[in-house]
Number of protein chains: 2
Amino acid sequence: MRNIRLLLQYEGTRYQGWQRQQSTENTIQGRLEQLLGRMCGERVELHGSGRTDAGVHARGQVANFHTECTMATEEMRAYINRYLPEDIAVLEVSEAAPRFHSRLNARGKHYEYLVLNRDVPDVFYRRYALEVPGRLDVEAMRRAAVYLLGEHDFKSFTSAKKGKKSTVRRIDEIRITREGSLLRFSFKGSGFLHHMVRILMGTLLEVGAGEREPDSMTDLLLSGDRAQAGALVPAKGLTLVEVFF
Amino acid sequence: MRNIRLLLQYEGTRYQGWQRQQSTENTIQGRLEQLLGRMCGERVELHGSGRTDAGVHARGQVANFHTECTMATEEMRAYINRYLPEDIAVLEVSEAAPRFHSRLNARGKHYEYLVLNRDVPDVFYRRYALEVPGRLDVEAMRRAAVYLLGEHDFKSFTSAKKGKKSTVRRIDEIRITREGSLLRFSFKGSGFLHHMVRILMGTLLEVGAGEREPDSMTDLLLSGDRAQAGALVPAKGLTLVEVFF
């Protein structure tokens with residue numbers, strides 16, 4: 001039994017997220033499993049490093065599947081890219097160790113969120129960046145970000161329902177850079193809860209707009225109360241850049 | 001009579017180029033004239049700095065129109081962006097001198113052509129870059145480009161039918177830069193003939209692939225023979241970046 005690892009890219013705009021749902025829905029996992037099944041002549045179950053929500057993009061999603069199929073990895077890559085819709089692409093196909101699992105072995109992730117900070121649209125970023133007009137105080141957002149670094153209970157920053165699962169995560173880096181009117185927010189960490197990056201973003205943007213103090217982050221983390229954090233920002237600005245193993 | 005100048009951006013993918021044709025066709029000029037006519041309550045004729053072909057993009061197209069309408073320019077910008085389709089945007093609206101004309105006063109243009117030089121697709125560049133797999137010799141393309149600089153008769157590099165109009169143009173700069181697998185070709189000059197940048201690109205890419213010598217450019221220019229130049233590359237890689245006045 002071979003274990004095949006895929007490095008994937010997709011524009012999430014048209015999709016209802018990564019996770020396969022009913023067969024009638026248009027998901028990245030569903031599309032890929034259907035194609036891999038056809039390629040291998042057997043039912044294929046694809047394990048992604050994590051689900052991305054509807055509208056979220058990926059430049060470096062990792063997934064793996066087991067197969068009896070004997071096709072060479074180079075041939076697989078050509079086959080998959082030939083038949084995939086043009087908004088999904090496979091960058092690499094490789095043999096993985098028998099026990100490699102994209103989700104269970106992932107040790108960290110890198111996400112990016114783009115904000116277009118100007119009062120006119122940019123047609124080239126309309127699918128990839130959130131438009132935020134008005135002044136944004138980058139220094140204040142950077143000061144707020146420092147409070148979020150390290151290991152915390154991020155219960156205030158997730159839409160996940162209360163359950164037994166731990167909401168403790170570690171954020172290693174939040175970098176905010178400005179290139180003209182484009183603000184790039186880069187998040188690296190051990191893992192991110194459901195909606196976590198987008199709620200962190202909504203909160204940081206409120207700091208940037210002067211509606212929230214940078215040093216209020218500590219109380220917000222301690223509260224464990226989703227209602228006290230910022231809004232959930234739209235999915236289109238979010239991209240999964242890399243999965244660390 | 002006011003003379004209003006627009007700075008425009010568009011993704012050309014969905015359009016049959018700049019120039020208004022029959023009313024049934026989807027053109028940038030047609031879309032804009034319709035909207036401006038509705039805004040001003042009068043028939044509007046929009047003068048672009050030049051036509052862009054079907055599929056060509058623009059980050060800095062300039063156009064102007066005369067109107068009796070009294071709306072403030074800021075209000076116009078908001079109105080136009082509210083009603084334009086999301087792949088066209090107006091970046092600036094300003095009052096121009098009475099005799100300003102976008103095409104007649106244009107003294108130069110800056111175009112960019114993107115090439116994705118790798119053997120796997122990139123979903124984020126599928127509308128903006130031409131995929132060229134295999135090795136491309138950037139140094140050879142740069143050497144070839146030097147022969148094209150300055151004032152020449154570019155008859156070999158246009159699809160325009162023979163006529164009385166001059167095919168002499170001046171190219172001031174051709175810059176080729178590599179960012180990972182993305183090659184950015186930047187052309188600045190006094191003006192470009194129909195299809196000129198795309199035929200120059202087809203010719204340079206043949207040099208890059210080793211199918212043509214850099215120093216063959218001189219003979220090619222002198223020949224005045226379109227058949228001896230390279231292929232017309234697809235429109236999707238081309239963007240009008242700026243118009244100089």
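The model is a predicted one, in which local features need pLDDT of at least 70 and side-chain atom pairs count only at pLDDT 80 or more, whereas totals for chains, interfaces and linings use all residues. Residues are numbered from 1 along each chain as its sequence is written, and chains are lettered from A and ligands numbered from 1 in the order in which they are written.

Chain A contains five helices and 10 strands, these elements being DSSP runs numbered from the N terminus (helices H or I, at least four residues; strands E, at least two). The radius of gyration of chain A is 19 Å, close to the 18 Å that the globule rule gives for 245 residues, so chain A is as compact as a globular protein of that length; the radius is taken over C-alpha atoms, and the rule is 2.2 Å times the number of residues to the power 0.38. The C-alpha trace of chain A spans about 60 × 45 × 30 Å along its principal axes. Of the contacts in chain A between residues at least 6 apart in sequence, 72% join residues at least 24 apart, a contact being a pair of residues whose C-beta atoms, placed from the backbone, lie within 7 Å.

Chain A is divided into domain 1 (2-95) and domain 2 (108-244), with bounds that come from an automatic or database domain assignment. The C-alpha centres of domain 1 and domain 2 of chain A lie 28 Å apart, and 15 residues of domain 1 are in contact with 10 residues of domain 2. On the side of domain 1 of chain A that touches domain 2, the residues divide into four nonpolar, eight polar and three charged, where Ala, Val, Leu, Ile, Met, Phe, Trp, Tyr, Cys and Pro count as nonpolar, Asp, Glu, Lys and Arg as charged, and the others, Gly among them, as polar.

Within chain A, Trp18(A) is placed in the loop between strand E1 (2-10) and helix H1 (28-40), and this residue is buried, with 26 other C-beta atoms within 10 Å. Leaving aside neighbours within four places in sequence, Trp18(A) is in contact with Thr27(A), Ile28(A), Gln29(A), Gly48(A), Arg51(A) and Thr52(A). Trp18(A) and Ala58(A), 40 residues apart in sequence, are separated by 10.0 Å from C-alpha to C-alpha.

Helix H4 (residues 196-208) of chain A has 13 residues and reaches 18 Å from its first C-alpha to its last, close to the 18 Å expected at 1.5 Å a residue, the expected span being 1.5 Å times one less than the number of residues. H4(A) is mostly covered, with 11 of its 13 residues buried, including Met196(A), Arg198(A), Leu204(A) and Gly208(A). These buried residues pack against E5, helix H3 (138-148), strand E9 (182-189) and strand E10 (238-244) of chain A. H4(A) is followed by Gly210(A), whose phi is positive, near 80 degrees.

In chain B, helix H1 (residues 28-40) likewise has 13 residues and reaches 18 Å between its end C-alpha atoms, close to the expected 18 Å. The buried residues in H1(B) are Ile28(B), Gln29(B), Gly30(B), Leu32(B), Leu35(B) and Leu36(B), and what covers them includes E1, strand E2 (47-48), strand E3 (57-67), helix H2 (73-83) and E4 of chain B. Just after H1(B), Gly41(B) takes a positive phi of about 65 degrees.

Chain B can be laid on chain A with an RMSD of 0.0 Å by a turn of 180 degrees and a shift of 0.0 Å along the axis, which is the relation of a two-fold axis; the copies are superposed by least squares on the C-alpha atoms of residues with pLDDT of at least 70 in both. In chain B, the C-alpha nearest the axis is that of Phe124(B), 5.2 Å from it. The contact takes 15 residues from chain B and 15 residues from chain A. Strand E1 (2-10) and strand E4 (88-95) of chain B are the elements that give two or more residues to the side of chain B that touches chain A, and the largest share, three residues, comes from E4(B). The residues of that side divide into eight nonpolar, two polar and five charged. As 100% of the interface residues of chain B are also interface residues in chain A, the copies meet through the same surface.

Asp122(A), found in the loop between strand E5 (108-116) and strand E6 (130-131) of chain A, counts as partly exposed with 18 C-beta neighbours inside 10 Å. Not counting residues up to four places away in sequence, Asp122(A) touches Leu116(A), Gln9(B) and Ala89(B).

Methods. Contact = placed C-beta atoms within 7 Å. Buried ≥ 20, exposed ≤ 12 C-beta atoms within 10 Å, placed from the backbone.
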